[in-house]
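Here is a short note for a colleague opening this model for the first time. Please read the points with the structure in view.

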Amino acid sequence: MFDPKTLLDQLLGSKVPGTEDTVRGKAGQAVQLAKDNPLATGAIAAVLLGTGTGRSLTGSALKLGGMAAIAGLGYQAYKNYQAGKAPDNTPQTMEPEAITDARDAGFDMDIEKVDDSFAMALVRAMIAAARSDGEVDADERARIADRLAVSGMETEAQTFIDNELQNPASLDEIVAAATNDEQKVEIYTASRLAIDPDTRAERGYLDLLAGRLGLPDALIDHIEATVSGASR
């Protein structure tokens, strides 16, 4: 069985073992493979964060990578929401003390300390979000498989992702994985990082997810602003 924490790091741009490149960088080498056959849905987004959001993460979010990017962005949004600030999509830097504060506030900055089942839930949440704008047919899955092969992901992880694309997790399963408010914020933040919600289906999915997680509209506005700021 593959390690869900490693897969989560790969999805969010950590270094590919044995190289000086990230999975996103490897994906760039595979663009030609799909140039003549563009994907009809955003499914590849959750595989290699191929959306504009994933490609353009900047500053501390890019440096943190992996689980820390999800938790760090979620923490910033949660902190600003609790402080009653207006949503601000200006890029923000997470200083070392802020990372410590995020840990103290219950956000999962350290992938080693994250439960495997929750790491898996975050991966499944990202794939479900990217899958939310339509069906992924056999040809599209084949093109996704090409990119997965280039990414260097282990075969079991590739098989898992292919299965999830065909049968994504239900909202009930995704929501049930969160045992506290911090994890609810992390699930929503991971889902938002996986896609650019530029279709009604994607926006509707995120709205439904927020409602099922019980996250206030004002907090969602802060997460949106924080992710947008980090992806400039």
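1. Start with a term. A salt bridge is a side-chain nitrogen of Lys or Arg within 4 Å of a carboxyl oxygen of Asp or Glu. Arg124 and Glu164 form one, and their closest N and O atoms are 3.1 Å apart. This pair links distant parts of the chain: Arg124 sits in helix 9 and Glu164 in helix 11 (residues 155-166), 40 residues apart. Helices here are DSSP runs (H or I, at least four residues), numbered from the N terminus.

2. A word on the source. This is a predicted model; local features need pLDDT of at least 70, side-chain atom pairs count only at pLDDT 80 or more, and totals for chains, interfaces and linings use all residues. Residues are numbered from 1 along each chain as its sequence is written, and side-chain values use heavy atoms, leaving out hydrogens and water.

3. How exposed is the first pair? Glu164 is buried, at 7% relative accessible area. Arg124 is partly exposed, at 22%. The cut-offs: buried is under 20% relative accessible area, exposed is over 50%, and partly exposed is in between (1.4 Å probe, protein chains only).

4. The whole structure holds 5 salt bridges. One of them joins Glu224 and Arg203, at 3.7 Å from N to O. Glu224 lies in helix 15 (residues 217-230) and Arg203 in helix 14, so the pair ties together parts 21 residues apart in sequence. Salt bridges also link Arg192, Arg203, Asp207 and Glu224 into a network.

5. Now look at helix 13. It has 14 residues. Of these, 12 are buried, so the helix is largely enclosed by the rest of the structure. Asn180 caps its N-terminal end: a side-chain oxygen lies 3.2 Å from the backbone nitrogen of Glu182.

6. Thr189 lies in helix 13 (residues 181-194). Thr189 is buried, with a relative accessible area of 1%. A polar atom of its side chain lies 2.8 Å from the backbone oxygen of Val185. Which residues does Thr189 touch, leaving aside neighbours within four places in sequence? Its contacts (heavy atoms within 4.5 Å) are Ile70, Leu73, Gly74, Ile223 and Val227.

7. Last, the rings. There are 2 aromatic pairs. Tyr75 and Phe107 form an edge-to-face pair, 5.7 Å centre to centre with 70° between the planes. Rings of Phe, Tyr and Trp (its six-membered ring) pair if their centres lie within 6.5 Å; planes under 30 degrees apart count as stacked, over 60 as edge-to-face and the rest as tilted. Both Tyr75 and Phe107 are buried. Ring pairs link Tyr75, Tyr78 and Phe107 into a cluster.

Definitions and conventions. Helices (H or I, at least four residues) and strands (E, at least two) are DSSP runs, numbered from the N terminus. A polar contact is a pair of N or O atoms within 3.5 Å; within protein, one must be able to donate a hydrogen and the other to accept it, and residues adjacent in sequence count only if both atoms are side-chain atoms. The expected span of a helix is 1.5 Å times one less than its number of residues.
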